[in-house]
Each structure stands twice: as C-alpha cells, then as structure tokens.
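Here is a short briefing on the structure shown below. Points are grouped by topic.

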Amino acid sequence: MMEIDNKELENKFQQKIDRDIKIEPNDWMPDAYRTTLIRQISQHAHSEVVGMLPEGNWITRAPNLRRKAVLLAKVQDEAGHGLYLYSAAETLGADREQTIDDLHSGKAKYSSIFNYPTLTWADMGAVGWLVDGAAIMNQVPLCRCSYGPYARAMIRVCKEESFHQRQGFEIMTKLAGGAIEQKEMAQDALNRFWWPALMMFGPSDADSSHTEQSMKWKIKRHTNDELRQMFVDVTVPQIETLGLTVPDPDVKWNEVKGRYDYGPIDWDEFWQVVGGNGPCNKERVDARRKAKEDGKWVVEAAMAFTNKRNSKKSA
Amino acid sequence: MTTKEALYNYTLRMGDDSLILGQRLSELCGHGPILEEDIALTNISLDLIGQATLLLDYAGELDKDSRNKDQLAFLRIEKQYVNILLVEQPNGHFGDTILRQFLFDAYRTALLERLSTSKDKRLAGIAEKSLKETKYHLKHSSEWVIRLGDGTEESHLRIQNSLDKLFRYAHELFYENEVDNLLIKEGIVPSAQGIYPVWEKTVNDVLEAATLSLPKNNWKFQGGREGRHSEHMGYLLADMQYMQRTYPNMEW
C-alpha cells in the first residue's frame with residue numbers, strides 16, 4: 001500500500017516539475033530530491049563563504065580608497081549570499097551548524113576555484129571577471145530551478161554577481177591599459193585563473209554522476225559542457241577586447257559549429273584539487289574552522305545573555 | 001596658524017581615525033565569529049572607509065601641498081599620520097575588537113552630533129551623513145559590550161580584560177592643542193572637553209549594564225595626534241601602502 005502511495009506521489013511530483021510548477025518547502029518531495037538539493041545548496045553556501053577568503057586576502061592591500069571600499073562591499077555580498085543559501089538549505093530541514101561542521105571536517109565540498117591562491121592585485125580583477133562570470137553562467141539557469149526558495153535566492157544573488165563581474169572586468173581594463181608592469185600582472189592573473197575557471201563547471205558530461213537526474217528534476221537546466229562552452233564563447237572576445245592573450249593555443253573560432261574550440265582540460269589537476277591537494281585547500285578550511293572555534297565563546301555568551309534576559313522577563 | 005591650516009589638521013585627524021580603524025576592521029572580513037557578525041563588522045569597516053574618503057578628500061583640498069585623498073591615505077610616512085593610538089591597536093579577540101569600537105563610537109557619535117551644526121558647511125555635511133552610520137555602530141558595539149559583559153563567566157572575564165587594556169587609550173580621544181583652540185574660537189568645531197561628559201555618560205551606562213568596571217590603573221597613553229605611534233602602526237602601514245609603494249605613480 002505504502003509503495004503504491006509513494007509511486008503516486010512521485011508521479012504527481014514529477015508532473016508538477018514537468019509543468020514548471022515550483023516545489024515549496026512543505027510540498028511532498030522524494031527523499032533523493034531533498035538530499036540532492038541539501039547537498040547542492042549547502043555546497044553553494046560554503047563556496048560563497050570560503051570564496052570570501054581569496055579576495056579578503058587583498059582588502060587590506062587594495063591600492064586606493066575606492067578599490068578598497070568596492071572590494072569590501074563585494075566580499076560582504078558573498079557573505080550575504082552564504083546566509084541566504086544556508087537559509088534555503090534550512091527550508092529543506094538541514095541544520096546550518098551541522099552543514100558548516102561538515103565543511104570543516106572535509107565531508108562537504110565547495111567550489112575548487114577557491115583553493116587557488118590570490119597572488120597579485122590583478123587576481124582581484126581575474127576573480128571578479130572570470131570566477132564570478134562563470135558563477136553567473138551556472139546560476140542564471142538556477143533562477144528557474146524547480147525548488148522555489150533556491151530559485152528565488154538565485155535571482156537576488158545573480159543581480160549582485162553581475163555587478164561583481166563588471167567590477168572585476170573594470171579592474172582588468174584599468175590594468176590592461178596601464179603601465180607595462182600592470183599589463184603583465186593582468187596577463188599573469190588570466191594565465192593562472194583561466195583553466196581553473198573552466199573547471200568550475202564541473203567534470204565533463206561523460207563523467208558527471210549527478211547531471212541526468214538533476215536535469216530530470218529541473219534542478220539543473222544545462223549540462224556542464226554546455227555551460228562551459230557558453231562561458232568560453234562569451235569570454236574569449238572579452239580577452240581580445242582587453243588586448244590580452246588567451247592562455248590556450250587551441251582556442252579558435254569554429255565557423256561550422258558557430259563557437260570557439262578550446263584545448264583539453266587537465267582533469268587530473270581538477271580531481272587532485274577536489275580531493276584536497278589544491279594549493280590552498282588546507283588553509284581555506286583551517287581559516288573557516290578557526291573563525292568558528294574563536295567565535296565559540298562569543299556565541300555562548302550571546303546565548304547565555306538571551307537566556308538571562310528571557311528568564312528575567314518571565315520572572 | 002591660519003584657520004585653513006587648522007581645519008586641514010582637524011579634518012586629517014578625523015580622516016586618519018576613520019581610515020586606520022576601517023583598515024583594522026577590514027582585516028577581519030571572512031574571519032568573523034559568526035556569519036552575521038562578519039557582515040556587520042565588514043559593514044562598519046566599509047562605512048569608516050567611506051567616511052575617511054570624504055574627510056581626506058576635504059583635507060586634500062585644504063592641504064598646502066594639494067595632495068589628493070589617496071596620496072594622503074597611502075603615501076605619508078608614519079609620523080605624519082595623526083590618528084589616536086586606540087584605533088591602531090590590533091584586533092585581538094572579538095571582545096577587544098568590540099571594546100575598541102565601543103570607546104570610539106561613543107566619542108564619534110557625540111562629536112558628529114555637534115559637528116553637524118558646524119559653521120563650516122562642508123564639515124557639517126560630512127558629519128551629518130556620517131552620524132547616521134555611526135549611531136548604528138554605537139548601537140551595535142554597545143549591545144555587544146553588554147552581551148559579553150553579562151554573558152558567561154568567560155566572556156565577562158575576557159571583555160573586562162579588554163577594558164583594562166584599552167581604556168588607557170581612551171583619554172587621547174579628548175586631546176586638544178592649538179588646532180582645536182583656534183577652531184573652537186571660530187565656532188567651527190566643538191571642544192573635546194565639552195564632549196567628554198557625554199562620552200563618559202554613555203560609557204558608564206553601558207559598562208553598568210554590562211556589569212563591567214573601570215580599571216583601577218588609570219594610566220593614559222597618548223602620542224598618536226602628534227605622530228608618535230605604537231609599534232603596531234608600521235606593520236599596518238606596510239600592509240596598507242604595499243601597492244602604492246611597490247608600484248609608484250600608477251592608476252588603479
């Protein structure tokens with residue numbers, strides 16, 4: 001009996017998805033849909049929060065007052081995105097502190113791009129332009145994701161990401177048109193972030209374990225390779241506009257296909273970084289863990305204070 | 001000293017206080033005790049950098065060497081910075097950060113309230129705009145001082161230690177010299193001594209609610225307003241000035 005009921009619920013659920021009706025927190029959903037979303041949304045939240053670190057690395061050294069203020073505002077936005085996303089995960093029954101502890105223990109993943117170091121000011125340009133640019137490619141389709149709270153969070157996030165992408169490109173424009181040292185700095189940042197940015201779309205379709213089911217549930221609307229191609233097609237002309245060189249000799253316009261061809265991605269590097277062997281994996285997670293451990297007494301104090309005031313009120 | 005010179009000095013002091021405290025807080029971005037607080041501290045840092053921008057921009061217009069705001073912010077040598085010692089003190093733990101902020105916010109709010117009616121329209125405008133932000137900063141830091149003071153035994157001990165350590169730097173908030181004398185006489189700025197009772201009341205009220213007590217050691221550090229800084233300042237500037245010093249005369 002139970003089995004038949006579940007089958008029927010599942011059918012109704014899939015019909016809603018097929019008709020583009022949003023799934024809301026109190027609606028019935030298959031356990032696997034819930035688990036997939038919790039995994040994806042909390043990973044996304046962790047990426048926003050860990051992503052504060054590589055850019056945070058340059059706030060104190062920003063070259064002028066305006067750049068300092070803009071970078072602070074940008075990194076603060078990322079923290080805000082983290083908050084919306086943890087809240088969206090909570091609507092599915094996830095516990096925020098538990099998901100954060102999973103990040104700290106290494107159980108939960110986050111976007112591998114943040115395991116690369118930011119070595120010069122130009123990296124603030126490259127990260128904003130390429131990393132936020134790739135994030136937009138990934139996230140714009142998520143605004144139509146079948147799960148309501150995630151889709152709505154993404155609408156707001158995308159508006160801010162688009163501002164971030166423009167500020168990154170603006171930094172690059174200034175550098176590319178500047179002194180020789182600045183132009184070299186810009187090219188070097190592009191060289192280091194180009195391939196990791198392409199890897200942000202995840203493994204190629206043939207190796208992506210979650211894509212098929214996620215597309216059926218309309219959590220995902222495009223495959224990893226489709227999104228990667230879109231990113232290359234948009235970004236190559238921007239590199240040319242800047243007067244910089246694409247760090248891939250195989251990038252060529254393909255007349256027949258109407259898109260750019262590009263060279264092979266080093267998937268060994270990708271899996272190494274995902275597996276914990278990127279240049280900064282340990283530093284990033286350690287920094288997050290330290291923030292929580294250092295803040296433990298603060299949280300305890302705030303709770304104790306609230307309890308005292310509440311008991312005074314009720315007394 | 002002319003009024004213009006005095007006004008330059010006064011604006012520079014305020015600009016440096018904002019800049020150096022904003023710089024200190026910006027070190028914490030991404031490392032706050034909880035995400036909500038990370039956002040709050042970054043926001044305060046951002047407000048302070050914004051206030052520094054307005055103040056140093058004005059100082060630059062009054063400067064006899066016509067330096068712009070970025071040249072003032074990034075290209076002076078240490079002894080030309082005239083911020084108080086309090087704001088350059090390291091972030092320490094969260095209690096240190098909050099207590100430093102509270103002592104400053106209580107003073108800054110009282111100062112800006114009076115400056116917003118200054119005869120100098122430019123300064124009055126900056127003060128009016130900044131006051132809205134600073135009132136919020138004071139609310140935030142006061143609430144945390146109370147929470148930590150009246151929270152757990154550990155938090156009480158920690159923030160009491162922060163108070164014992166940092167209160168010695170508070171006296172310098174009320175430093176006055178011929179710059180102030182001249183500008184007070186012309187009705188451009190309030191007297192620091194006149195702000196003191198307002199500050200003292202805010203501090204006493206909050207410390208009482210927080211069950212904290214003023215330190216018995218009432219030693220008073222000063223020197224920042226005259227360009228004599230603590231050992232911490234050189235490192236802060238090395239970090240902040242890195243780009244401008246490494247790549248001179250470039251646009252960013």
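A:Lys16 is partly exposed, with a relative accessible area of 25%. The model is a predicted one. The side chain of A:Lys16 meets that of A:Asp27 in a salt bridge, 3.2 Å from N to O.

**Salt bridges within chains**

- Over all chains, the structure holds 39 salt bridges.
- The A:Asp27 and A:Lys16 pair links distant parts of the chain, eleven residues apart. A:Lys16 lies in helix H1 of chain A, and A:Asp27 lies in the loop between helix H1 (2-18) and helix H2 (31-50) of chain A.
- A:Asp27 has 24% relative accessibility, so A:Asp27 counts as partly exposed.
- B:Arg122 and B:Glu61 form a salt bridge, with the closest N and O atoms 2.8 Å apart. B:Arg122 is in helix H6 of chain B and B:Glu61 in helix H2 of chain B, so the pair ties together parts 61 residues apart in sequence.
- Both partners are partly exposed: B:Arg122 at 31% relative accessibility, B:Glu61 with a relative accessible area of 48%.
- B:Glu143 and B:Lys139 meet through their side chains in a salt bridge of 3.0 Å, N to O. Both lie in helix H6 of chain B, four residues apart, about one turn of the helix. B:Glu143 is partly exposed, at a relative accessible area of 33%.
- One network of salt bridges with shared partners joins A:Glu55, A:Lys74, A:Glu78 and A:Asp132.

**The interface of chain B and chain A**

- Contact involves 48 residues of chain B and 47 residues of chain A.
- About 4,000 Å² is buried between the two chains, and carbon and sulfur atoms give 69% of that area.
- Four salt bridges are counted between chain B and chain A. A:Arg96 forms a salt bridge with B:Glu36, where the closest N and O atoms are 2.9 Å apart.
- Elements giving two or more residues to the chain B side include helix H1 (3-26), helix H2 (35-62) and helix H6 (121-149) of chain B. H2(B) gives the most, with eleven residues.
- The residues of the chain B side divide into 22 nonpolar, 15 polar and eleven charged.

**The nonpolar core**

- The largest nonpolar core has 174 residues. Among those with the most contacts inside it are A:Trp121, A:Tyr33, B:Leu19 and B:Trp199.
- H2(B) supplies the largest share of this core, 13 residues.
- Beyond its neighbours within four places in sequence, A:Trp121 is in contact with residues including A:Trp58, A:Leu71, B:Met243 and B:Trp252.

**Two buried polar side chains**

- B:Gln23 lies in helix H1 of chain B. B:Gln23 has 0% relative accessibility and therefore counts as buried.
- A polar atom of the B:Gln23 side chain lies 3.0 Å from the backbone oxygen of A:Thr60. B:Gln23 also touches A:Lys68, B:Ile49, B:Leu236, B:Asp239 and B:Met240.
- B:His229 sits in the loop between helix H9 (192-209) and H10 of chain B. B:His229 has 16% relative accessibility, so B:His229 counts as buried.
- The B:His229 side chain makes a polar contact with the side chain of B:Glu88 (2.7 Å). A polar atom of the B:His229 side chain also lies 2.6 Å from the backbone oxygen of B:Tyr81.

How values were computed
Residues numbered from 1 in each chain as written. Chains lettered and ligands numbered in written order. Predicted model: local features only at pLDDT ≥ 70, side-chain atom pairs only at ≥ 80, totals over all residues. Heavy atoms only, no water. Contact = heavy atoms within 4.5 Å. Buried area = accessible area lost by both parts, 1.4 Å probe. Nonpolar A, V, L, I, M, F, W, Y, C, P; charged D, E, K, R; others polar. Core = buried A, V, L, I, M, F, W, Y, C linked by side-chain atoms within 4.5 Å. Buried < 20%, exposed > 50% of the residue type's maximum accessible area, 1.4 Å probe, protein only. Polar contact = N/O pair within 3.5 Å; in protein donor to acceptor, adjacent residues only side chain to side chain.
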